[in-house]
Amino acid sequence: MSVLNTPNNYKMDNSGRRVVIDPVTRIEGHMRCEINVDENNVIQNAVSTGTMWRGLEVILRGRDPRDAWAFVERICGVCTGCHALASVRAVEDALDIKIPHNASLIREIMAKTLQVHDHVVHFYHLHALDWVNPVNALKADPKATSELQKLVSPHHPLSSPGYFKDIQTRVQKFVDSGQLGIFKNGYWDNPAYKLSPEADLMAVTHYLEALDFQKEVVKIHTIFGGKNPHPNYMVGGVPCAINMDGDMSAGAPINMERLNFVKARIEEARTFNTNVYVPDVIAIAAFYRNWLFGGGLSATDVMDYGAYPKVPYDKSTDQLPGGAIINGDWSKIHAVDPRDPDQVQEFVTHSWYTYPDETKGLHPWDGITEPNYELGSKTKGTRTNIVEIDESAKYSWIKSPRWRGHAVEVGPLARYILAYVHGVKYVQNQVDTSLARFNAVCRLLDPGHQDITDLKAFLGSTIGRTLARALESEYCGDMMLDDFNQLISNIKNGDTSTANTEKWEPSSWPDHAKGVGTVAAPRGALAHWIVIEKGKIKNYQCIVPTTWNGSPRDVKGNIGAFEASLMGTPMERPDEPVEVLRTLHSFDPCLACSTHVMSEEGEEMAVVKVR
Amino acid sequence: MSSQVETFYEVMRRQGITRRSFLKYCSLTAAALGFGPAYANKIAHAMETKPRTPVIWLHGLECTCCSESFIRSAHPLAKDVVLSMISLDYDDTIMASAGHQAEAILEEIKEKYKGNYILAVEGNPPLNQDGMSCIIGGRPFSEQLKWMAEDAKAIISWGSCASWGCVQAAKPNPTQATPVHKFLGGGYDKPIIKVPGCPPIAEVMTGVITYMLTFDRIPELDRQGRPKMFYSQRIHDKCYRRPHFDAGQFVEEWDDEGARKGYCLYKVGCKGPTTYNACSTVRWNEGTSFPIQAGHGCIGCSEDGFWDKGSFYSRDTDMNAFGIEATADDIGKTAVGIVGAAAVAHAAMSAVKAAQKKGDK
């Protein structure tokens, strides 16, 4: 086989030169990517392999459902808290527990804090080096950098020439030391880097500013959850009781000082988004205006469950409403129901697991997880030393989830396309304004620039994915201020309740219950499915964002979002995979999340049937 | 010392930091490590004469919470550690290069700095499936770990995964995830420093590294291999809610009167009395708070096998009795049955005290 036409309209040709990237770095977890390029160094085939698995669902069986949040929180320490939140929601859904409004607001503030933190750290510390060349920053004129800073973000106070000169000096000395640390063996003379030295210096400076900022914003988690990473959650509400003016308020989890502390961090987050993060992404995008690659499935097939209801438990008030867009038809949004056995299904045809019938997908409540690590006959290398993998056989620890049989992209861009099409005013305004600002910066860089007006082409790209994440961070900053004000208003009206303990004791539970919890995780749609029997966990399944995006091919040959996004991308130098890293990183891959399902080899796995 | 390799002090001076600020930094570091002012001079001397030590940071089966915690460090700031104190030559979570270019670094450092680099390990190697449930560069992570361990100066086992196994090693440990010291075995002759916690506190992580670089020796360890400076006391010993325990004032139910007053969380499952960590002293995220202050009991995340010790909400019966002097080693010598009995006696004593108090009124 050398050419394969997929049902989702990609032509995969693996006859050209094969390039292997393992490890793919600057991601969470472990991942491998192989590509084939043609004689013009354009990518004609892409193979994404999840290279780790851990097995938390198996470990959860038989345990107390109230403890589950702590186990699954450890699926990922980068998107820390979102699995815990999905878990307590799944348990509460199963047991029909409604939490107090204050608890709901505090959880929402924590979830949006995570969005801001995760998106900022992703852009500056995992993704930026795909766009930014720190060595080139040494050539910058600090005065010109100062002018650029004031142009793209007039209100950011850290903009003097001396400030940029100091940073440049620090980078220069670091480079001169000969010990390059994390920048060692980077691709610094690759023409794929497009920023001016001044823009590089501005971005390097903000890399350091973002490092300082991120440790501040997470303190919101520390107030409500006691620590970060991995703050504490609780079934039935939140553990942080409120005591504004009673006895011993000073030692209480939440008092006036604690709330003031949170408010200050929220304001800092909003300022950082507006003054640094969003302007940086728009400026960098303008330098890469001729590089609108990497869209893949984003403009055609996207999905999310919907999130951030104004009114708790009322999905119709979601501030980022969900649904699915299929085959590029933006005129119709399909309703998505994680409970419907015909909608969300996982396939294992190309995954290192086995099903009795691998031609069929399984809904998570019927999920089977039995590992089957085997390599195809065309693999180069051995079982424990893979040189080139055989994608016609099983080739990843990630399963292939599909929505009604369609491969879909999930993530901030998917949510933003859905919200835009749904007509969410805040989002439409952000997107339209960003496009206008992008075009304005492009015109400054090139007076002959033709404005980009095709939203599908602009958003449906690596740049669009990176921009949507920044805009979502900004939106979350504003939404959590609303949540905070609502919390204050509730307390003012005498409501200080934070926990519903009516069904805390397992004796109050039904013998059999099942539930689903969904979260808008930083990387996309997240859902946990739980089955509880006689007070214990009988089955627990998660489908996480990177499972959707990083999935291998399904039984019909549909490729997933990672693979689709790389197709057709030209590379400057195939041995220096800057372009591949840039597009893969735009998804913010999280491999510990996507591949934690497994069981011991030979261990009998229970097959749970629930209807 | 090679003249081509910079010292901390040179780096700091060249970055525009004055000698006065440098000395202030040294005394703050000494204070953070719990030493008196005399140590500040030692730190200053060490930093003036030492090159940046290469650090290789490997990742096995883990969730990256340790790396995330590390970048939260406030004193020293993570950026100062990475730019000025160590040379973080390999860390696949944040390094620029990938694939072959990344792997080449390991080879270079192993040879060039033989016996002189620190190997920091986050996560652990799984042994099932021929080790191929954690693949790096097409090969098992276990091979990479063993190979880089050979020529390391010392190993730091970051977090509970590397130290004990943590969540993926919870029963039935389906991948046979194995902590670093057990994987390398008794024949491994370099020091292994365990810094447990899920994750460890940021300033504990940077504190351990700073100590090693500053004094050019590993910190004093307890029998389990943990630095005594951060892991020799139980959270209960220094908990600000301890007086409520002693007075028999407990949270009985979530969001009750006791929860709002900051009473002791022992009855709703707090594992502070059996957990050795610095949460109640150093606290989290620049001293902002810690789990108990935020109203949830300690889940004991720095202890070996904490996932398999019953529900996080069931009352701890393994608790040792009084005395903040007890160390992990002392506890290790105590028979479990006696400990259990003592715990009940301890709690009963508190209840009696509470009853007496009520009687007095």
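Predicted model: local features only at pLDDT ≥ 70, side-chain atom pairs only at ≥ 80, totals over all residues.
User: What makes you call Pro412(A) buried or exposed?

Analyst: Pro412(A) has 31 other C-beta atoms within 10 Å. The cut-off for buried is 20 or more, so Pro412(A) counts as buried.

User: Where is Pro412(A), and which residues does it touch?

Analyst: Pro412(A) lies in helix 10 (residues 412-422) of chain A. Leaving out residues up to four places away in sequence, Pro412(A) touches Ala468(A), Arg469(A) and Glu472(A). As for Gly251(A), 161 residues apart from Pro412(A) along the chain, their C-alpha atoms are separated by 39 Å.

User: How do you know whether the radius of gyration of chain A agrees with that of a compact globule?

Analyst: For 611 residues, a compact globule would have a radius of gyration near 25 Å, and chain A has 24 Å, so the two agree. Along its principal axes, the C-alpha trace of chain A spans about 70 × 65 × 50 Å. Buried residues account for 61% of the 611 residues in chain A. Taking contacts in chain A between residues at least 6 apart in sequence, 74% join residues at least 24 apart. As for secondary structure, chain A has 17 helices and 16 strands.

User: What makes strand 10 and strand 13 of chain A a pair?

Analyst: A pair needs at least two bridges. Strand 10 (residues 344-347) of chain A is joined to strand 13 of chain A by four bridges, so they pair, and they run antiparallel. Within this pairing, Gln345(A) stands opposite Arg402(A) of strand 13.

User: Why are both faces of strand 13 of chain A called covered?

Analyst: In a regular strand, side chains alternate between the two faces of the sheet. In strand 13 (residues 400-403) of chain A, Ser400(A) and Arg402(A) are on one side, with Pro401(A) and Trp403(A) on the other. These four residues are all buried, and both faces are covered.

User: Which residues have the most contacts inside the largest nonpolar core?

Analyst: They are Ile56(B) and Leu119(B), in a core of 284 residues. Setting aside neighbours within four places in sequence, Ile56(B) is in contact with Asp89(B), Tyr90(B), Leu106(B), Ile109(B), Tyr117(B), Leu119(B), Ala120(B) and Met148(B).

User: How many residues does each chain bring to the contact between them?

Analyst: Chain A brings 96 residues and chain B brings 83 residues. On chain B, the elements that each supply at least two residues of the side touching chain A include helix 1 (8-14), helix 5 (78-85), strand 2 (86-91) and helix 6 (99-112). Helix 6 of chain B gives the largest share of that side, five residues. By class, the side of chain B that touches chain A holds 40 nonpolar, 26 polar and 17 charged residues.

User: What confidence does the predictor give chain A and chain B?

Analyst: Chain A has an average pLDDT of 94, with 97% of the residues at 70 or above. In chain A, residues 597-611 have a pLDDT below 50, and this stretch has 40 contacts in the model beyond near neighbours in sequence. For chain B the mean pLDDT is 85, and 77% of its residues reach 70 or more. Residues 318-344 of chain B stay under 50, with 37 contacts beyond four places in sequence. Residues 356-361 of chain B also stay under 50, with one contact beyond four places. The model scores ipTM 0.94 and pTM 0.91.

How values were computed: Residues numbered from 1 in each chain as written. Chains lettered and ligands numbered in written order. Contact = placed C-beta atoms within 7 Å. Nonpolar A, V, L, I, M, F, W, Y, C, P; charged D, E, K, R; others polar. Buried ≥ 20, exposed ≤ 12 C-beta atoms within 10 Å, placed from the backbone. pLDDT = per-residue confidence, 0-100. Rg over C-alpha atoms; globule rule 2.2 N^0.38 Å. Core = buried A, V, L, I, M, F, W, Y, C linked by C-beta atoms within 7 Å.
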